[in-house]
Amino acid sequence: MSLAPLVALLATQLGATADRDSYGVPTIAAPSEPLAYEAMGYAVAQDRLWQMESSRRIARGRMAEVVGSSAVASDIQVIKTGYTDDELQVQFDGMRAKTRDNWVAYAKGVNRYIEDARAAGKLPKQYGEYNLSPEPWSVVDSAAIATMMSARFGSGGGYELVQWAASKYLKTQKCADRYLDVMDDIAWQNDPASPTTVAKEDEGQCTPMQFPIATRADTSRQLAALPAASLLELLPAIRIAYSEPTIDLAMQYSAPFKVGSYAVVVSGKRSRTGVPLLLGAPQMGHGSPSIVHEVVLKTPTLKVRGLDVPGVPGVLIGSTPTAAWTLTTGVADTTDIFVSTRSGDGLAYGSGKLAIQRSSRVLKVRGEPDQDVARQRTEFGPVIHEVASSKSVFVRRSTIWMRELQTYDQASDLGRCRTAKDVLEIGRNISLGFNLFFATQSGETGWVYCGLLPKRADGVDARFPTPLTPELNWRGAESIGAAVHVVNPKSGLLSNWNNKPISWWPNLDTPAWGALFRVDALRAAIPYSQLGPSDLEDVTPRIAKSDDATLGAFLPTLRKALKTPFGEEVADTAARELLGWDARNTAGSVGARIYSQWVREMRTLIFAEQTGNFMSQSTFDQATQPSVILRAIQRRTKYDFLGKRDPVSLARTAFENVVKQLSKVDRRVGTWRYSPSVMNYAGQTPVPYNNRGTFIQIVELGKQVSVRSITAPGISETEPHANDQVPLARGFMFKPVFTWD
């Protein structure tokens, strides 16, 4: 890739300079932040203009006018539940002047590249394929991408319609007379055995927060107050709750779509070199080009290197000469669904009425007639669904609504932090739900649980939709980061893989945190001894190979179940493979293949007769995750799923069923091999083990701060830097060390 256009741009900007390393990562030095951001906009557009074009169209509900009907469902969802251009502009105008100046400069740089590329005939080929000319980039485009990303990674909850549908489904199954007991088992509120980010000895640094307390009577009363609605009538709303149309489209065009991320912070006392270490691996999906980009900015007031998202100004995760930080999704329940009924031209709200603001937008569809898409708003948030038969209206209320860019405004100062106090101040003011991990060159390490928690009314069961009344509505919101944070943990170590933050934190309507959780696999990959950068490098391949954190919990039952030989060669060989398995889902592992199928068979044997399969295998798997299976065989559930059945005998039957199923394909046990998920990059042989970061950085905060990182498949959309990091990804390696002076 030629640097000439970028160098020519910067040569006119008061002596600014630009360079790219051997992997194409741009380093931009400028005498002011706006000039650096302008050059950043130019460089990112030079690398990813078509990706930026796709992302802004997906984020603004304008993709169908380019690609046709395949994008209609996503565009309609965005138009109905996302922001208008005016609302995005209001958010932008609410940011601080220095942030606005940098965003405006970024857009200026993007537009300068568009002009240069058009003049040189070097626009991405897709513009020609779609007979499309790029429109000028605007701060609204950047705001749209930023808020779209926020909905995926910084917002939790909003699944009340899913839980309500599940309860309705259970009422049609054998467990109908005790369906609320089953709901308590699969959507439990707090498992004290679930692994937490905050260790017991550090809980004193946190201030307990208040959560609604709902009795069984409260739950029954709340469900009885909800309108009549069939499962069929709820399905469209469930798709919206999961953002399925937009996620499907984002996956095709390398826009951010996947939720995950893991992090490890090591203090100087746990480090072999006596200085803090940080491992950050945001999991945002894998595609060609990469979902994210990487950049270095150097100005008199800001020196920062790390992850940026094409189209969004600034570095979101990275390092400076004095500090490093990373983010993982927080999963806190910050979104609720409220239900009301039509009242004239508004909604019933207690004895009064809630106004609805109505507008529409024309949706252009390539090769098809235009569509007029209506949107409805209330003061609490958008209308996401209606059930005509009962005149019911569902409103989504989120603590991040119209606050997303506030977070980007605050986060832009992370690159200026020098102390834990600096980070904590930013963390308490971030509205999006993130785990913010940090380490400083002065030796401090820590974590802030960011976000805004709704103040819900007592008696509300947050798992289900809430009737929209003044009595049951929120009483405002409070900063999570101001109450829940840890600095310099006593163990010298902090780790997170989207797990529960602290022992007293409930699941509410996000029942993800049970006794068995993937962070255990992360922690098993971290040596107990003193740690160095190489130890953190070794973490990545170990957890990418999906060490199974559930095996240890089920092993006692399995050993009893398989203790007696079967007297049949295939079954006995399979039993030896399973009991000898190392709990790592390595490609070709026979034990891994048998075990994954055994867990699925146990799920079916334990639950299916009583609960049904929730209408799909994926929903069934999610509702009855391994923590639920474990509690069932330990008879710690409210509903007795086993009855008179013995768990050991059940485990043996499940194993026998697996052997029969696999034997139908091939009776040679050695052919029953595990195939890992892969990262598919255009024109490249698939790279196995996709359970890893989209961007991974390891930072050592010594006298000189050193950084190892990888952003596969590469920095740009086109060669020479489109796929030059694929060999690194295949070998679990990093780019050469970058050192801050």
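# Reading the fold of a predicted chain

User: What makes the radius of gyration of the protein chain agree with a compact globule?

Analyst: A compact globule of 741 residues would have a radius of gyration near 27 Å, and the protein chain has 26 Å, which agrees. The radius is taken over C-alpha atoms, and the globule rule is 2.2 Å times the number of residues to the power 0.38. Along its principal axes the C-alpha trace spans about 80 × 65 × 55 Å.

User: What makes a stretch count as one of the helices or strands of the protein chain?

Analyst: Both are DSSP runs, numbered from the N terminus: helices are H or I with at least four residues, strands are E with at least two. The protein chain has 24 helices and 27 strands.

User: Why is Tyr 689 called buried?

Analyst: Buried means under 20% relative accessible area, exposed over 50%, and partly exposed in between, with a 1.4 Å probe and protein chains only. Tyr 689 has 8% relative accessibility, so it counts as buried. Its place is in the loop between strand 24 (687-688) and strand 25. Phi of Tyr 689 is near 70 degrees, a positive value in a residue other than glycine. Across the protein chain, 62% of the 741 residues count as buried.

User: Why is strand 26 (residues 705-710) described as largely enclosed?

Analyst: Six of its six residues are buried, so the rest of the structure largely encloses strand 26. Val 705, Val 707 and Ser 709 point one way, while Ser 706, Arg 708 and Ile 710 point the other way. In a regular strand the side chains alternate between the two faces of the sheet.

User: How do you know that strand 25 (residues 696-701) and strand 26 pair?

Analyst: Two strands pair if DSSP finds at least two bridges between them. Strand 25 and strand 26 have six, in the antiparallel sense. Gln 697 stands opposite Ser 709.

User: What makes strand 26 and strand 27 a pair?

Analyst: Two bridges join them, again in the antiparallel sense. Val 707 stands opposite Phe 738 in strand 27.

User: Why do strand 22 (493-496) and strand 27 (738-739) stand at the edges?

Analyst: The open sheet of six strands has the order 22-3-4-25-26-27, with antiparallel pairing. Strand 22 and strand 27 each have a single partner strand, so one side of each is left without a neighbour in the sheet. Within that order, five bridges join strand 3 (residues 262-266) to strand 4 (residues 277-281). Val 264 has Leu 279 as its bridge partner in strand 4.

User: Which residues does a cis peptide bond join, with omega about -5 degrees?

Analyst: That bond joins Ser 288 and Pro 289. Pro 289 has its place in the loop between strand 4 and strand 5 (293-298). A cis peptide bond also joins Glu 719 and Pro 720, with omega about 15 degrees. Pro 720 lies in the loop between strand 26 and helix 24 (726-730).

Note on methods. Residues numbered from 1 in each chain as written. Heavy atoms only, no water.
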